[in-house]
Amino acid sequence: MAAAAVKGLSEENKDGQKGSSVGNVEASENKAGHSGPMSGTSKETCVSVLAQLADAESEIMLVRVGYTTSYNPQTKQPNWVGWRLTADHVDGEFQRKGIKFHEDEDVPEPRAKDEDYRGSGYDRGHMCPSGDNKWSQEAQEQSFLFTNICPQNHGLNAGDWNEMEQQCRKWAEKEGEIYIVSGPIFYGNSRHKKIGKNKIPVPEAFFKVVLSMKGTPKAIGFIYKNQSGNRPKGDYVNTVDEVERITGIDFFPSLPDDVENRVEAEANIDDWM
C-alpha cells in the first residue's frame with residue numbers, strides 16, 4: 001500500500017533560492033508494507049511540511065520509519081520531532097519491552113549516549129513516544145534512538161507529559177489522523193544544566209503542537225516546564241503562534257496562508273474534547 005513518510009529536504013523555492021531543511025511529506029512504503037503514521041496527506045489536507053527552522057545550519061534532518069527529527073549537533077538532541085498519527089496506528093503488537101536506548105550513529109560525535117543519562121537524575125524522555133510506534137518493529141526500535149530523546153524530569157515524563165501522549169492517541173482515534181510536532185525549549189537567558197561526559201544540556205521546557213484537518217481545521221499548542229506537576233491539560237495550552245514565538249520554529253508552513261493564520265492564532269482545548 002502506498003504511504004507517505006516525512007522527509008528532510010533542502011529545497012529550492014520558486015525563485016531558485018535554496019531554502020532551509022524541512023520535514024516534507026513524500027509518497028513511500030515501509031518494509032512491513034504498512035502505511036507509516038505520517039502517511040499521507042491527501043490533496044485536500046495539503047499538510048506537506050510539518051516544521052521549518054529559520055536557521056538550517058543548526059540542524060541535521062533524519063528520516064525514520066515513524067517520524068522525522070531535526071537534530072541539533074550543539075544541544076545533541078532534537079530541535080523538533082514530527083510525525084503523523086493515524087487512528088489505526090495508536091496501538092499494535094510491537095511493544096517496547098527489551099528495547100534499549102541507543103546512540104544514533106548517523107550523527108557526528110560527540111553525541112548522546114546511554115551513560116550520559118545514568119545517574120543524572122533525568123529520564124530519557126521520548127519526543128515521538130514509543131506508544132505511537134507499536135505498529136512497526138523498526139519504528140518502535142528507532143523511537144529509542146537518542147536523536148529522539150531529551151533529558152526530562154521523571155515526574156513530568158511519567159505524569160502530565162505521558163497523559164498528553166495518551167490524549168493525542170485518543171485524538172487520533174477521534175479525528176482519524178493528526179499531525180504532531182514536539183521538542184525541547186532552551187531559554188536563551190538561562191544557564192543550562194548539563195549531564196554526562198558529553199555534556200547534554202537539560203531543556204527548561206518542552207513543547208507539543210497538534211493539528212487536525214478533519215472538517216474545519218484546528219490546531220493547539222502546549223508548553224510544559226521541565227518539572228514535576230499534576231495539573232489539568234488546559235493549564236499548558238498555548239496558541240501555535242505563541243509556541244512559534246518561543247521556539248523560533250515555523251509549524252505547518254505548507255498550509256494555505258488563510259488556514260495557517262487562523263488555526264495557529266486559536267487555542268481552545270474544548271474544541272478537541
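**Exercises on a predicted model**

In this predicted model, the buried residues of helix H6 (residues 257–265) are Val 259, Glu 260, Val 263 and Glu 264.

**Exercise 1.** Determine how the buried residues of H6 are arranged about the helix axis, and state which elements they pack against.

*Solution.* Step 1: viewed down the axis of H6, the buried residues fall within an arc of 110°, so they line one face of the helix. Step 2: an α-helix has 3.6 residues a turn, so residues three or four places apart point the same way. Step 3: Asp 257, Asp 258 and Asn 261 are exposed on the other side of H6. Step 4: the packing partners of the buried residues are strand S12 (205–212), strand S13 (218–225), helix H5 (240–247) and strand S15 (249–251).

**Exercise 2.** Locate Lys 76 and Lys 199, and decide for each whether the residue is buried or exposed.

*Solution.* Step 1: most residues other than glycine have a negative phi. Step 3: Lys 76 occupies the loop between strand S5 (68–72) and S6; Lys 199 belongs to the loop between strand S10 (194–195) and strand S11 (200–201). Step 4: the relative accessible area of Lys 76 is 12%, so Lys 76 is buried, the cut-off being under 20%. Step 5: for Lys 199 the value is 52%, so Lys 199 is exposed, the cut-off being over 50%.

**Exercise 3.** Describe the peptide bond that joins Glu 109 and Pro 110.

*Solution.* Step 1: most peptide bonds are trans. Step 2: the bond between Glu 109 and Pro 110 is cis, with omega about -5°. Step 3: Pro 110 lies in the loop that runs between strand S6 (77–86) and helix H1 (114–117).

Terms used. Residues are numbered from 1 along each chain as its sequence is written. This is a predicted model: local features need pLDDT of at least 70, side-chain atom pairs count only at pLDDT 80 or more; totals for chains, interfaces and linings use all residues. Side-chain values use heavy atoms; hydrogens and water are left out. Helices (H or I, at least four residues) and strands (E, at least two) are DSSP runs, numbered from the N terminus. Buried means under 20% relative accessible area, exposed over 50%, partly exposed in between (1.4 Å probe, protein chains only). The arc is that of the directions from the helix axis to the C-beta atoms. Contact means heavy atoms within 4.5 Å.
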